[in-house]
Amino acid sequence: MTARMTPDFWAVIPAAGVGSRMRADRPKQYLPLAGKALIEHTLDCFLDHPGLLGLVVSIAPEDPYWPSLTCALDQRVQRVDGGAERADSVLAGLCHLRERGARLTDWVLVHDAARPNLARGDLDRLLGELADDPVGGLLAVPARDTLKRAGADGRVVETVDRSVIWQAYTPQMFRLGALLDALQAALEAGAAVTDEASAIEWVGESPRLVEGRADNLKVTRPEDLQWLEQRWAR
Ligand SMILES: Nc1ccn([C@@H]2O[C@H](COP(=O)(O)OP(=O)(O)OP(=O)(O)O)[C@@H](O)[C@H]2O)c(=O)n1
Ligand SMILES: C[C@](O)(CO)[C@H](O)COP(=O)(O)O
(Lines give C-alpha, C1' and ligand atoms only; values in the text may rest on other atoms or scores of the structure.)
(Ligands and ions follow the chains in the order given, each with its own letter.)
Protein backbone atom coordinates (compact mmCIF):
# COMPACT_ATOMS: atom_id res chain seq x y z
CA MET A 1 0.00 0.00 0.00
CA THR A 2 1.28 3.48 -0.85
CA ALA A 3 0.44 6.93 0.53
CA ARG A 4 -2.08 7.28 -2.31
CA MET A 5 -4.58 5.18 -0.31
CA THR A 6 -4.99 2.86 -3.27
CA PRO A 7 -3.06 -0.43 -3.49
CA ASP A 8 -0.37 -1.14 -6.04
CA PHE A 9 -1.49 -3.60 -8.70
CA TRP A 10 -0.62 -5.63 -11.78
CA ALA A 11 -2.71 -5.38 -14.95
CA VAL A 12 -3.59 -8.16 -17.39
CA ILE A 13 -5.07 -7.06 -20.71
CA PRO A 14 -6.65 -9.81 -22.86
CA ALA A 15 -6.13 -8.68 -26.46
CA ALA A 16 -6.11 -11.90 -28.46
CA GLY A 17 -9.63 -11.74 -29.87
CA VAL A 18 -10.44 -11.48 -33.57
CA GLY A 19 -13.32 -9.01 -33.23
CA SER A 20 -15.69 -10.95 -35.48
CA ARG A 21 -18.73 -8.80 -34.56
CA MET A 22 -16.84 -5.69 -35.66
CA ARG A 23 -16.49 -7.00 -39.23
CA ALA A 24 -13.35 -4.89 -39.81
CA ASP A 25 -10.14 -5.56 -41.77
CA ARG A 26 -8.21 -6.27 -38.55
CA PRO A 27 -8.93 -7.15 -34.91
CA LYS A 28 -10.82 -4.25 -33.31
CA GLN A 29 -8.08 -3.49 -30.76
CA TYR A 30 -5.93 -2.23 -33.65
CA LEU A 31 -8.52 -0.02 -35.32
CA PRO A 32 -7.66 3.72 -35.30
CA LEU A 33 -9.30 5.89 -32.66
CA ALA A 34 -8.38 9.54 -32.12
CA GLY A 35 -4.95 9.25 -33.68
CA LYS A 36 -3.74 5.90 -32.40
CA ALA A 37 -4.73 2.27 -32.12
CA LEU A 38 -7.65 1.56 -29.80
CA ILE A 39 -5.51 -0.68 -27.57
CA GLU A 40 -3.02 2.13 -26.98
CA HIS A 41 -5.73 4.20 -25.30
CA THR A 42 -6.61 1.18 -23.16
CA LEU A 43 -3.02 0.69 -22.05
CA ASP A 44 -2.57 4.42 -21.35
CA CYS A 45 -5.26 4.21 -18.64
CA PHE A 46 -2.94 1.86 -16.72
CA LEU A 47 0.50 3.13 -17.74
CA ASP A 48 -0.47 6.59 -16.46
CA HIS A 49 -1.27 5.21 -12.98
CA PRO A 50 1.48 5.47 -10.32
CA GLY A 51 0.32 2.26 -8.63
CA LEU A 52 1.00 0.04 -11.66
CA LEU A 53 3.58 -2.67 -10.91
CA GLY A 54 3.60 -4.01 -14.47
CA LEU A 55 1.28 -4.98 -17.29
CA VAL A 56 0.88 -8.19 -19.27
CA VAL A 57 -0.92 -8.11 -22.57
CA SER A 58 -2.19 -11.35 -24.16
CA ILE A 59 -1.75 -11.24 -27.92
CA ALA A 60 -2.66 -13.82 -30.57
CA PRO A 61 0.47 -15.84 -31.50
CA GLU A 62 0.63 -14.77 -35.16
CA ASP A 63 -0.54 -11.19 -34.57
CA PRO A 64 1.30 -8.85 -37.01
CA TYR A 65 -0.02 -5.58 -35.53
CA TRP A 66 1.25 -5.52 -31.93
CA PRO A 67 5.02 -5.20 -32.62
CA SER A 68 4.60 -1.91 -34.52
CA LEU A 69 2.90 -0.11 -31.61
CA THR A 70 4.88 2.30 -29.44
CA CYS A 71 3.48 0.76 -26.25
CA ALA A 72 5.04 -2.60 -27.19
CA LEU A 73 8.43 -1.01 -26.41
CA ASP A 74 7.46 0.16 -22.91
CA GLN A 75 9.61 -1.67 -20.34
CA ARG A 76 6.60 -2.14 -18.06
CA VAL A 77 4.67 -4.02 -20.75
CA GLN A 78 5.18 -7.75 -21.35
CA ARG A 79 3.57 -9.81 -24.07
CA VAL A 80 2.30 -13.37 -23.77
CA ASP A 81 0.50 -15.57 -26.28
CA GLY A 82 -3.26 -15.49 -25.80
CA GLY A 83 -5.51 -18.53 -26.10
CA ALA A 84 -8.62 -19.73 -27.89
CA GLU A 85 -11.06 -18.08 -25.46
CA ARG A 86 -10.84 -14.89 -23.42
CA ALA A 87 -10.44 -16.92 -20.21
CA ASP A 88 -7.43 -18.76 -21.72
CA SER A 89 -5.83 -15.44 -22.59
CA VAL A 90 -6.38 -14.15 -19.05
CA LEU A 91 -4.97 -17.35 -17.56
CA ALA A 92 -1.85 -17.02 -19.73
CA GLY A 93 -1.32 -13.51 -18.37
CA LEU A 94 -1.78 -14.59 -14.77
CA CYS A 95 0.63 -17.52 -15.17
CA HIS A 96 3.20 -15.16 -16.65
CA LEU A 97 2.91 -12.84 -13.65
CA ARG A 98 3.39 -15.76 -11.29
CA GLU A 99 6.43 -17.03 -13.22
CA ARG A 100 7.93 -13.53 -13.11
CA GLY A 101 7.74 -13.40 -9.30
CA ALA A 102 4.46 -11.60 -8.57
CA ARG A 103 3.15 -12.60 -5.15
CA LEU A 104 -0.01 -14.65 -4.75
CA THR A 105 -1.43 -11.90 -2.51
CA ASP A 106 -0.82 -9.13 -5.06
CA TRP A 107 -3.84 -7.45 -6.62
CA VAL A 108 -4.40 -8.03 -10.34
CA LEU A 109 -6.74 -5.96 -12.49
CA VAL A 110 -8.01 -7.67 -15.65
CA HIS A 111 -9.31 -5.27 -18.28
CA ASP A 112 -10.52 -5.86 -21.85
CA ALA A 113 -8.28 -4.38 -24.53
CA ALA A 114 -11.56 -3.41 -26.21
CA ARG A 115 -12.53 -0.93 -23.42
CA PRO A 116 -10.48 2.18 -24.25
CA ASN A 117 -12.65 4.68 -22.35
CA LEU A 118 -11.87 3.73 -18.74
CA ALA A 119 -11.94 6.89 -16.60
CA ARG A 120 -9.18 7.42 -14.06
CA GLY A 121 -11.86 8.16 -11.47
CA ASP A 122 -13.41 4.71 -11.99
CA LEU A 123 -10.02 3.02 -11.76
CA ASP A 124 -9.25 4.80 -8.49
CA ARG A 125 -12.72 4.09 -7.06
CA LEU A 126 -12.31 0.38 -7.81
CA LEU A 127 -8.85 0.30 -6.22
CA GLY A 128 -9.94 2.35 -3.22
CA GLU A 129 -13.20 0.51 -2.49
CA LEU A 130 -11.68 -2.95 -2.80
CA ALA A 131 -8.33 -2.28 -1.11
CA ASP A 132 -9.42 -4.06 2.10
CA ASP A 133 -11.98 -6.40 0.57
CA PRO A 134 -11.44 -10.10 1.34
CA VAL A 135 -12.62 -11.23 -2.13
CA GLY A 136 -12.26 -8.41 -4.67
CA GLY A 137 -14.75 -7.31 -7.26
CA LEU A 138 -15.47 -5.47 -10.46
CA LEU A 139 -16.75 -2.31 -12.05
CA ALA A 140 -20.39 -2.73 -13.02
CA VAL A 141 -23.34 -0.66 -14.15
CA PRO A 142 -26.89 -1.03 -12.81
CA ALA A 143 -29.50 -2.01 -15.39
CA ARG A 144 -31.21 1.13 -16.69
CA ASP A 145 -34.00 -0.13 -18.88
CA THR A 146 -37.03 -2.29 -18.24
CA LEU A 147 -35.92 -5.88 -18.73
CA LYS A 148 -37.87 -8.68 -20.42
CA ARG A 149 -37.28 -12.41 -20.41
CA ALA A 150 -37.93 -13.77 -23.92
CA GLY A 151 -39.39 -17.08 -24.94
CA ALA A 152 -38.20 -19.16 -27.90
CA ASP A 153 -41.03 -17.64 -29.95
CA GLY A 154 -39.64 -14.13 -29.44
CA ARG A 155 -42.53 -13.09 -27.19
CA VAL A 156 -42.23 -11.72 -23.67
CA VAL A 157 -42.44 -14.32 -20.91
CA GLU A 158 -42.10 -11.85 -18.04
CA THR A 159 -40.67 -8.52 -16.91
CA VAL A 160 -37.55 -9.03 -14.80
CA ASP A 161 -36.84 -7.13 -11.55
CA ARG A 162 -34.10 -4.77 -12.75
CA SER A 163 -33.25 -3.49 -9.26
CA VAL A 164 -31.00 -6.53 -8.73
CA ILE A 165 -29.47 -6.67 -12.22
CA TRP A 166 -26.05 -5.20 -13.02
CA GLN A 167 -23.95 -5.31 -16.18
CA ALA A 168 -20.44 -6.63 -15.51
CA TYR A 169 -17.69 -4.34 -16.79
CA THR A 170 -13.94 -4.39 -16.43
CA PRO A 171 -11.48 -3.89 -14.74
CA GLN A 172 -12.11 -6.83 -12.45
CA MET A 173 -9.84 -6.91 -9.41
CA PHE A 174 -8.79 -10.01 -7.49
CA ARG A 175 -5.76 -11.40 -5.65
CA LEU A 176 -3.42 -13.19 -8.05
CA GLY A 177 -3.47 -16.53 -6.20
CA ALA A 178 -7.23 -16.60 -5.72
CA LEU A 179 -7.92 -15.75 -9.35
CA LEU A 180 -5.37 -18.24 -10.68
CA ASP A 181 -6.83 -21.07 -8.60
CA ALA A 182 -10.43 -20.19 -9.42
CA LEU A 183 -9.84 -19.78 -13.16
CA GLN A 184 -7.89 -23.03 -13.43
CA ALA A 185 -10.52 -24.96 -11.48
CA ALA A 186 -13.43 -23.50 -13.43
CA LEU A 187 -11.79 -24.14 -16.81
CA GLU A 188 -10.84 -27.71 -15.88
CA ALA A 189 -14.46 -28.33 -14.90
CA GLY A 190 -15.72 -26.90 -18.19
CA ALA A 191 -17.64 -24.11 -16.48
CA ALA A 192 -18.69 -21.04 -18.51
CA VAL A 193 -16.21 -18.32 -17.59
CA THR A 194 -17.01 -15.14 -19.47
CA ASP A 195 -15.38 -12.89 -16.89
CA GLU A 196 -13.08 -13.21 -13.88
CA ALA A 197 -15.94 -12.78 -11.41
CA SER A 198 -17.59 -15.90 -12.91
CA ALA A 199 -14.57 -17.96 -11.92
CA ILE A 200 -14.52 -16.50 -8.41
CA GLU A 201 -18.26 -17.20 -8.11
CA TRP A 202 -17.66 -20.75 -9.32
CA VAL A 203 -15.47 -21.44 -6.27
CA GLY A 204 -18.17 -20.09 -3.97
CA GLU A 205 -17.05 -16.52 -3.33
CA SER A 206 -19.09 -13.37 -3.90
CA PRO A 207 -17.30 -10.53 -5.72
CA ARG A 208 -18.25 -6.98 -4.83
CA LEU A 209 -19.93 -4.70 -7.39
CA VAL A 210 -18.44 -1.20 -7.65
CA GLU A 211 -20.58 1.16 -9.69
CA GLY A 212 -18.76 2.58 -12.70
CA ARG A 213 -19.52 4.81 -15.65
CA ALA A 214 -21.66 3.38 -18.44
CA ASP A 215 -19.38 4.94 -21.05
CA ASN A 216 -16.60 2.47 -20.19
CA LEU A 217 -18.12 0.46 -23.00
CA LYS A 218 -16.64 -2.57 -24.71
CA VAL A 219 -16.18 -1.83 -28.39
CA THR A 220 -18.07 -4.73 -29.91
CA ARG A 221 -19.90 -3.48 -33.00
CA PRO A 222 -19.09 -0.72 -35.52
CA GLU A 223 -21.52 1.74 -33.92
CA ASP A 224 -19.61 1.52 -30.60
CA LEU A 225 -16.45 2.82 -32.24
CA GLN A 226 -18.38 5.52 -34.11
CA TRP A 227 -19.92 6.66 -30.81
CA LEU A 228 -16.49 6.93 -29.16
CA GLU A 229 -15.00 8.75 -32.16
CA GLN A 230 -17.78 11.34 -32.08
CA ARG A 231 -17.53 11.78 -28.33
CA TRP A 232 -13.75 12.19 -28.32
CA ALA A 233 -13.90 14.62 -31.25
CA ARG A 234 -15.91 17.11 -29.14
N1 LIG B 1 -9.44 -15.69 -27.35
C2 LIG B 1 -9.65 -14.44 -26.92
C3 LIG B 1 -10.88 -13.77 -27.12
C4 LIG B 1 -11.05 -12.47 -26.67
N5 LIG B 1 -10.01 -11.85 -26.05
C6 LIG B 1 -10.13 -10.45 -25.63
O7 LIG B 1 -11.18 -10.32 -24.69
C8 LIG B 1 -11.76 -9.03 -24.78
C9 LIG B 1 -13.28 -9.07 -24.79
O10 LIG B 1 -13.70 -9.98 -25.80
P11 LIG B 1 -14.67 -9.65 -27.02
O12 LIG B 1 -15.20 -8.30 -26.94
O13 LIG B 1 -15.62 -10.78 -27.15
O14 LIG B 1 -13.61 -9.64 -28.21
P15 LIG B 1 -13.51 -10.57 -29.50
O16 LIG B 1 -13.52 -12.01 -29.08
O17 LIG B 1 -12.33 -10.08 -30.24
O18 LIG B 1 -14.84 -10.19 -30.27
P19 LIG B 1 -15.86 -11.13 -31.08
O20 LIG B 1 -16.52 -12.00 -30.02
O21 LIG B 1 -16.79 -10.18 -31.75
O22 LIG B 1 -15.05 -11.94 -32.06
C23 LIG B 1 -11.16 -8.37 -26.01
O24 LIG B 1 -10.24 -7.37 -25.60
C25 LIG B 1 -10.50 -9.50 -26.75
O26 LIG B 1 -9.34 -9.13 -27.49
C27 LIG B 1 -8.79 -12.52 -25.85
O28 LIG B 1 -7.87 -11.97 -25.29
N29 LIG B 1 -8.65 -13.80 -26.29
C1 LIG C 1 -15.58 -9.59 -19.49
C2 LIG C 1 -16.66 -8.78 -20.12
O3 LIG C 1 -16.14 -7.55 -20.60
C4 LIG C 1 -17.68 -8.43 -19.07
O5 LIG C 1 -18.73 -7.71 -19.61
C6 LIG C 1 -17.31 -9.48 -21.28
O7 LIG C 1 -18.06 -10.58 -20.85
C8 LIG C 1 -16.30 -9.88 -22.37
O9 LIG C 1 -16.91 -10.04 -23.61
P10 LIG C 1 -17.40 -11.43 -24.22
O11 LIG C 1 -18.22 -11.07 -25.42
O12 LIG C 1 -18.21 -12.12 -23.16
O13 LIG C 1 -16.14 -12.17 -24.55
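Predicted model: local features only at pLDDT ≥ 70, side-chain atom pairs only at ≥ 80, totals over all residues.
A residue counts as near a molecule if its C-beta atom, placed from the backbone, lies within 6 Å of it.

- The shell around ligand 2 consists of Arg86, Asp112, Ala168, Tyr169, Thr170, Thr194, Asp195 and Lys218.
- Sorted by class, this shell holds 4 charged, 2 polar and 2 nonpolar residues.
- Strand β10 (residues 166-175) supplies the largest share of the shell, 3 residues.

**Burial of strand β1**
- Strand β1 is mostly covered, with 7 of its 7 residues buried.
- Phe9, Ala11, Ile13 and Ala15 point one way from β1, while Trp10, Val12 and Pro14 point the other way, and all are buried.
- In a regular strand, side chains alternate between the two faces of the sheet.

- Strand β1 (residues 9-15) runs parallel to strand β4 (residues 52-59), and 7 bridges join them.
- Within this pairing, proline 14 has serine 58 of β4 as its bridge partner, and valine 12 is partnered by valine 56.
- Strand β1 is also joined to strand β6 (residues 107-110) by 3 bridges, again in parallel.
- Valine 12 stands opposite valine 110 in β6; valine 12 therefore has a partner in β4 as well as in β6, given that strands pair when DSSP finds at least two bridges between them.

**Pairing of β4 with β5**
- Strand β4 is joined to strand β5 (residues 77-81) by 5 bridges, and the two run parallel.
- The bridge partner of leucine 55 in β5 is valine 77.

Technical notes. Residues numbered from 1 in each chain as written. Chains lettered and ligands numbered in written order. Helix = DSSP H or I, 4+ residues; strand = E, 2+ residues; numbered from the N terminus. Nonpolar A, V, L, I, M, F, W, Y, C, P; charged D, E, K, R; others polar. Buried ≥ 20, exposed ≤ 12 C-beta atoms within 10 Å, placed from the backbone.
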